[in-house]
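Morning, everyone. I have one structure to go through today, and I will keep to what can be computed from it.

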Amino acid sequence: MNYPVNPPSQPDLDRGTGSMKITGARVIVTCPGRNFVTLKIETDQGVYGIGDGTMNGREKAVVAYLEEHIIPLLIGRDPRRIEDIWQYLYRGAYWRRGPVTMRAIAAVDVALWDIKAKMAGMPLYDLLGGRSRDRVMVYGHANGSDIAHTVDEVGRYISEGYKAIRAQTGIPGLDKAYGISKDKKFYEPAEGELPLETVWDTRKYLNYVPQLFDKLRDTYGFDHHLLHDVHHRLTPLEAAQLGKRLEPYSLFWMEDSTPAENQEAFRLIRQHTTTPLAVGEIFNTLWDCKDLIQNQLIDYIRTTIVSAGGLTHLRRIADFASVWQVRTGSHGATDLSPVTMGTALHFDTWVPNFGIQEYMRHTPETDAVFPHDYRFDDGFLLCGETPGHGVDIDEALAAKYPYSPKQLPVARLEDGTLWNW
Ligand SMILES: [Mg+2]
């Protein structure tokens, strides 16, 4: 969709020194293996910024929100006024929060930070306040069809230099447990026009998973960080039981052990286990985790840039969390584009209360569409020194991969009851 280069004049612009205007903004949807929604904002100074608004399985809702409702508001505005534009889009919509709104705002926000850092000639971490660390510890995903397979996969990650590994295992008698990949290297759960139906049984899971970590510690010792994602499958009491049973294996964290719509649910888990708790990859604002953080019911907040309104809001969450010694552990699955990964690495390089960064490798096709300057080295990711967030989009290549509908799976209990995937 094209918008006029010289829009009707708007009030309260040009308050900075000299004028600068947003002259155009476009949404680019591409599917180099999975769908990504990218916003490109252009200015009258020739500098442009790139933002990610991808929402896995519901991509076009964000496309419509951006094209129909946000882009017309941006044209003619001063891109340097990041905070004011954030507030304008958040308060101005009247309808606040939610995954679609906050992803659309994130796409704008990250593109504007990219523009500002390019204008300053600085890598983004420098604009945020400079380095707090030299490199960013990441964790990879080791997935196996059973315990022996997962143990082998963890060994492969260790041999690649990873210091932290998330271990997931299939469960005998259950078809397609969460986190189990068909492809060894590139796990992508979203596929097909209709959601894949998977089966879940809590009893079988609770019996099996402690055996995995027993075997992993027995095989590799305690030098590496091990993580586990429960993917919202347990009740608070069951999560408390699992946390307690995993204590001897000294996990880095137990993730998403129960849904957190009711933040108080974590109080029960916390009262019964010292296994560190992480949650928040589906949160969209500080209001989704305020009680969890200020009551010290979690140890790591998993919210990331694309889901929570961009850098402007995520750093507010991180600062709030720092007061209660809650550290960051940003979501970094492949349903976030390299734009979010690159921006997250600048955030991670700066944020004082950094914990860890999730890292799933994108496919070579995705990496080619989104040229970037971050790199993996011996278990760590390093952001580059290019001004901005260091990620671009090759629009000609992106156009070769048109949108393709893909849905995340659903889970049902063995009697057919729909459960949490
Ligand atoms: Mg997760």
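Helices here are DSSP runs of H or I with at least four residues, strands are runs of E with at least two, and both are numbered from the N terminus. By that count the chain has 13 helices and 16 strands.

Before going on, some conventions. This is a predicted model, in which local features need pLDDT of at least 70, side-chain atom pairs count only at pLDDT 80 or more, and totals for chains, interfaces and linings use all residues. Residues are numbered from 1 along each chain as its sequence is written, and side-chain values use heavy atoms, with hydrogens and water left out.

Overall shape next. The radius of gyration, taken over C-alpha atoms, is 21 Å. The C-alpha trace spans about 65 × 45 × 40 Å along its principal axes. Of the 421 residues, 56% are buried, meaning under 20% relative accessible area with a 1.4 Å probe and protein chains only.

Now the metal site. Which residues supply the protein donors of the magnesium ion? They are Asp-229 (OD), Glu-255 (OE) and Glu-281 (OE), at 2.0 to 2.3 Å. Donors are N, O and S atoms within 2.8 Å of the metal, or 3.2 Å for Na, K and Ca; water is not among the atoms, so sites may look incomplete. The spacing of these donors along the chain is D-x25-E-x25-E. Asp-229 lies in strand β7 (residues 225-229) and Glu-281 in the loop between β9 (277-279) and α9 (290-294), so the pair ties together parts 52 residues apart in sequence. Asp-229 is buried at 2% relative accessible area, and Glu-281 is buried at 12%.

Asp-78 sits in the loop between α1 (59-74) and α2 (82-92). Its side chain makes a polar contact with the side chain of Arg-80, at 2.8 Å. For a polar contact, the N or O atoms must be within 3.5 Å; within protein, one must be able to donate a hydrogen and the other to accept it, and residues adjacent in sequence count only if both atoms are side-chain atoms.

Last, cysteines. How many disulfides does a search of the whole structure find? It finds 0, a disulfide being a pair of cysteine sulfur atoms within 2.5 Å. Cys-31 is buried at 8%, and Cys-383 is buried at 9%.

Definitions and conventions. Buried means under 20% relative accessible area, exposed over 50%, partly exposed in between (1.4 Å probe, protein chains only). The radius of gyration is taken over C-alpha atoms; the globule rule is 2.2 Å times the number of residues to the power 0.38.
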